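I opened my notebook to record, entry by entry, what I looked up in this structure and what I found.

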Amino acid sequence: MRYVQLRAFHQVALSGGFSKAAQALHLTQPAISDQVRRLEEEYDVALFSRRHRQIVLTEAGHRLLAVTHRLFGAEGEALELLQEERSLRTGSLRIVADSVQHVLDVLTAFRARHPGIQVSVARGNTRSIVEMLTGYEADIGVLGELGDERPFEVLPLNVSPITAFAARSHPAAARASLSLAELSDWPLIMREPGSRTRQMLEQRAAESGIALRYAVEAEGREAVGAIVAAGGGIGFVSAAEFGEDDPRLVRIALDGPPLLMREALICLHERRNSKAIQAFFATAQVLRSLSAQPAIA
């Protein structure tokens, strides 16, 4: 078993195909195919099932991918360790967030302290954020509550209740609050199924025996906001994410016990020693401590 064979297998599994893996590794497709074939033949094991021009990991392939994730993750950490002094002057940090609003202050402070690190921010929901982190497509996630925190390091950021919102011209805009039962009479603009906001609303409605009507299902907070602003219906968002600066929209409280969204920073336990990740978490911890301190009269 050779390093190049494991690297070829790992990249094919991540890319979903031999041609994409070859492009990522700057090799030819026959070279990648040959390395994977040699690995399979040497150990008499099928790592990929080839069906209708698509490749799918076998059970053995899935188990090996879990090992190579750790292997190449450790390789990346070793490289960062060897470049420790340089790692916070140059490099990159990939963040995926359900809403960048929750981490804007951390991002600003981090960039002021480490201007040489290039930060990229992608959008996702709870499900896709977890998938990107476990697939090593992102370094840090910003999201609500997790169903399973075992593989992650978690740093709480803030707590905010879910609120409804509508266009100022909407008939419900004059209401100070609405119950879920009343909401069932209105067309609703909902996030995609992987959204934590949607999951919490659906759970509360189911517990109350209420059926909510979805007029439109839209991916992403921005899309929901645009549809609501155009008069399409009532949307939902955590209060911390509601855009008070948009004059077209008005916030409407939800009756009953608040549905609290708990936002947090997360990263894989095995990536926690990355210098850039450490620095970002440390920045968030400092800001959190400062905000918790009582004001001096």
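Is Glu41 buried or exposed? I noted first that the model is predicted, and then I found that Glu41 counts as exposed, at 52% relative accessibility, since the word applies over 50%.

Next I looked up the partner of Glu41, and I saw that its side chain meets that of Arg37 in a salt bridge, 3.1 Å from N to O. Arg37 is partly exposed, with a relative accessible area of 35%. Because Arg37 and Glu41 are four residues apart in helix H3 (residues 29–43), about one helical turn separates them.

How many salt bridges does the structure hold? I read 14, including one between the side chains of Glu75 and Arg7, at 2.7 Å from N to O. Glu75 lies in helix H4 (residues 59–82) and Arg7 in helix H1 (residues 3–15), so this pair ties together parts that are 68 residues apart in sequence.

Last, I looked up Ala205, which lies in helix H9 (residues 196–207) and is buried, with a relative accessible area of 2%. Leaving out residues up to four places away in sequence, I found that Ala205 touches Leu180, Ile210 and Leu212.

How values were computed. Residues numbered from 1 in each chain as written. Predicted model: local features only at pLDDT ≥ 70, side-chain atom pairs only at ≥ 80, totals over all residues. Heavy atoms only, no water. Helix = DSSP H or I, 4+ residues; strand = E, 2+ residues; numbered from the N terminus. Buried < 20%, exposed > 50% of the residue type's maximum accessible area, 1.4 Å probe, protein only. Contact = heavy atoms within 4.5 Å. Salt bridge = Lys/Arg side-chain N within 4 Å of Asp/Glu carboxyl O.
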